[in-house]
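Please prepare a short briefing on the structure shown below.

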Amino acid sequence: MLRVRPPEALPITLPQRRVYVLPTGVGLSFGALLIAMLLTSLNYTLSLGFALTFILVGVGHLALLGAHRNLLGMSLMDGRVDAVFSGEPVALQLYFADTTGRARNAIELVPHDGEAQRFDIPPNGRTCATVFLPPLPRGRYRAGRIKIETRYPLGLIRAWSYLEPDISFWIYPKPELHPPPHLSVTGGQQGRKSSVPGSESFDSLRPYRPGDPLRRIAWTRLARGGPLVTKEFRSEAGKMRMLRWDDCSGLEMEARLSRLCAWMLAAHQNGEPWGLALPGKTLPLGEGTAHLRKGLETLAALGANRD
């Protein structure tokens, strides 16, 4: 229980040695009552008192076994955390499953720093439990140690275990709300190919690549039974944006990252190719969802060491 575990690869199944049990406050009161009943029965030689005491002792023992078996063999199959911007709550989604044919009732998921979440798992079923972590500064994080516990069925015994899944996530810098326009525009050559539709003229089709925006896919061709392809356009203006660290001179580090983040999101929304130049790190010109995610991760990792 006290040993520090490294992050564990999923799935994680709880064996017997990782489930711990202790009486709750109600359970301690119940035990004290049983001792008083036993002493009274011994003092007055009450046969019915002995019978009732031992029956209640059996009930307490069954409560202990029930709480232990409620967690024993339960599996954490998968987990995910969607990247958010700094200042937003983090939703940790964990997928638990039962493979033993037993229902798991009244289980509580208690994160290291957040509110507990109660859930049930049907026999041979699967349940998603979501807990919300408080807002975090930018950087890369791990889910950390998570406690699951139960007091089912009678509330006399608390059974619990610890999990430390190998789940990491990003917190991006918070974008500036009303940034000034970015004026550093690089003009490309006439007729540069781009996958950005708009005032450009259609040029050709190319195979689909992960991260291509949905609006650029040739849906008509796909509906006719053709392959999944993306439209290429020939840019007349050939404008590209290079977002540089020096473009935000005079601002503190977090304010610079916030402004670069806002410019990056605006360029992506407008369908403009963009690049990023930071101290010691350069992201070449590109576009698409994958390129945006790489840029946001680059901003989040600059000077942060929170993994």
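**Briefing**

Cys 248 has a relative accessibility of 1% and therefore counts as buried, the term for a relative accessible area under 20%, as against exposed for over 50% and partly exposed in between (1.4 Å probe, protein chains only). The model is a predicted one, in which local features need pLDDT of at least 70 and side-chain atom pairs count only at pLDDT 80 or more, while totals for chains, interfaces and linings use all residues. Numbering starts from 1 along each chain as its sequence is written, and side-chain values use heavy atoms, with hydrogens and water left out.

**Cysteines**
- Cys 261 is likewise buried, because its relative accessible area is 0%.
- Zero disulfides are found in a search of the whole structure, a disulfide being a pair of cysteine sulfur atoms within 2.5 Å.

**Overall composition**
- Five helices and 19 strands make up the secondary structure of the chain; these are DSSP runs numbered from the N terminus, with helices being H or I of at least four residues and strands E of at least two.
- The chain has 307 residues, of which 39% count as buried.
- Among contacts (heavy atoms within 4.5 Å) with a separation of 6 or more, 66% involve residues 24 or more positions apart.
- The chain has an accessible surface of about 16,900 Å², and carbon and sulfur atoms account for 57% of this area; the areas come from the Shrake-Rupley method with a 1.4 Å probe, and for residues only the protein chains shown count as cover.

- Four strands, in the order 1-3-5-8, form an open sheet with antiparallel pairing; two strands pair if DSSP finds at least two bridges between them.
- Strand 1 (12–13) and strand 8 (126–133) each have a single partner strand and stand at the edges, so one side of each lacks a neighbour in the sheet.
- Strand 1 and strand 3 (residues 75–81) run antiparallel and are joined by two bridges.
- Thr 13 has Ser 75 in strand 3 as its bridge partner.

**Aromatic rings**
- The structure contains five aromatic pairs, meaning rings of Phe, Tyr and Trp (its six-membered ring) with centres within 6.5 Å; planes under 30 degrees apart count as stacked, over 60 as edge-to-face and the rest as tilted.
- Phe 96 and Phe 119 are stacked, because their ring centres are 5.1 Å apart and their planes are at 20°.
- Phe 96 belongs to strand 5 (residues 90–97) and Phe 119 to strand 7 (residues 117–121), so the pair ties together parts 23 residues apart in sequence.
- Phe 96 is buried at 1% relative accessibility, and Phe 119 is buried with a relative accessible area of 6%.
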